[in-house]
Amino acid sequence: MNHATLHSPGPVLLAGGGDHSPDLLQSLLPQCTTRIAADGGAAALLSAGVMPDAVIGDLDSLSENTRAQIPAARIHHISEQDSTDFDKCLRNISAPLIYGTGFLGPRIDHQLASLSVLTRRADRRCILADASDAVALVPPQLELDLAPGNRVSLYPMGPVRGESEGLRWPLAGLDFAPHLRTGTSNEASAARVTLRFDTPLMLIILPVAALPALARGLLSAPDAWPAPE
């Protein structure tokens with residue numbers, strides 16, 4: 001099958017094979033004219049009445065019944081087993097923003113693998129979301145319009161340092177690492193939160209209600225590390 005990168009001028013909805021929030025899926029569909037499935041995630045799109053524009057993966061979880069409903073030209077089989085279906089998708093999608101659903105549950109090992117891919121594909125702007133949370137890799141600088149008191153959890157995937165404005169507990173001068181220090185359960189203390197990090201290894205976890213603010217922040221964020229002064 002064709003493995004060429006799939007280009008979209010607007011946001012892409014990427015459906016994984018895990019748990020989906022029907023309400024979240026329905027809210028994202030009007031924002032994303034391109035809808036792609038990671039392997040068995042095609043079933044979730046079909047159940048929502050949407051024909052996937054593409055299905056990408058090793059196809060080990062794509063049932064015969066689901067596959068029979070999708071035009072063969074839209075199915076992109078990548079057989080190698082050294083990466084997850086989510087990784088196969090991210091490296092083959094070019095879009096300003098990718099919304100991923102069905103990647104944060106129910107299995108913890110799958111969730112951890114998906115979060116690791118966010119750091120491996122730091123050049124892709126992607127938000128993973130479920131019924132309660134929205135997760136993304138923080139770019140060099142991220143500005144968010146949030147209500148004071150909004151939960152802002154930060155989780156390092158490796159050694160990383162940063163600075164912040166508008167957080168209840170500032171980040172300056174702190175060394176973060178999974179085994180050393182994390183930044184979970186911080187919160188916004190102002191209407192504008194600004195984050196800067198020295199390397200693409202920090203995840204931000206917000207309530208799913210803040211998904212629009214996170215999307216706006218990612219779309220306007222700089223690409224180059226470190227952030228320009």
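Of the 229 residues in the protein chain, 49% are buried, where buried means under 20% relative accessible area, exposed over 50% and partly exposed in between (1.4 Å probe, protein chains only). The model is predicted: local features need pLDDT of at least 70, side-chain atom pairs count only at pLDDT 80 or more, and totals for chains, interfaces and linings use all residues. Residues are numbered from 1 along each chain as its sequence is written, and side-chain values use heavy atoms, with hydrogens and water left out.

**Fold and dimensions**
- The protein chain contains six helices and 16 strands; helices (H or I, at least four residues) and strands (E, at least two) are DSSP runs, numbered from the N terminus.
- The radius of gyration of the protein chain is 18 Å, close to the 17 Å from the globule rule for 229 residues, so the chain is as compact as a globular protein of that length. This radius is taken over C-alpha atoms, and the rule is 2.2 Å times the number of residues to the power 0.38.
- Along the principal axes, the C-alpha atoms fill a box of roughly 55 × 35 × 30 Å.

**Contacts**
- Among contacts with a separation of 6 or more, 66% are between residues 24 or more positions apart; contact means heavy atoms within 4.5 Å.

**Surface**
- The protein chain exposes about 10,400 Å², of which carbon and sulfur atoms supply 51%; accessible areas come from the Shrake-Rupley method with a 1.4 Å probe.

**Ala113**
- Ala113 lies in helix 5 (residues 108-120).
- Ala113 is partly exposed, at a relative accessible area of 25%.
- Ala113 and Arg151 are 38 residues apart in sequence and 24 Å apart in space, C-alpha to C-alpha.
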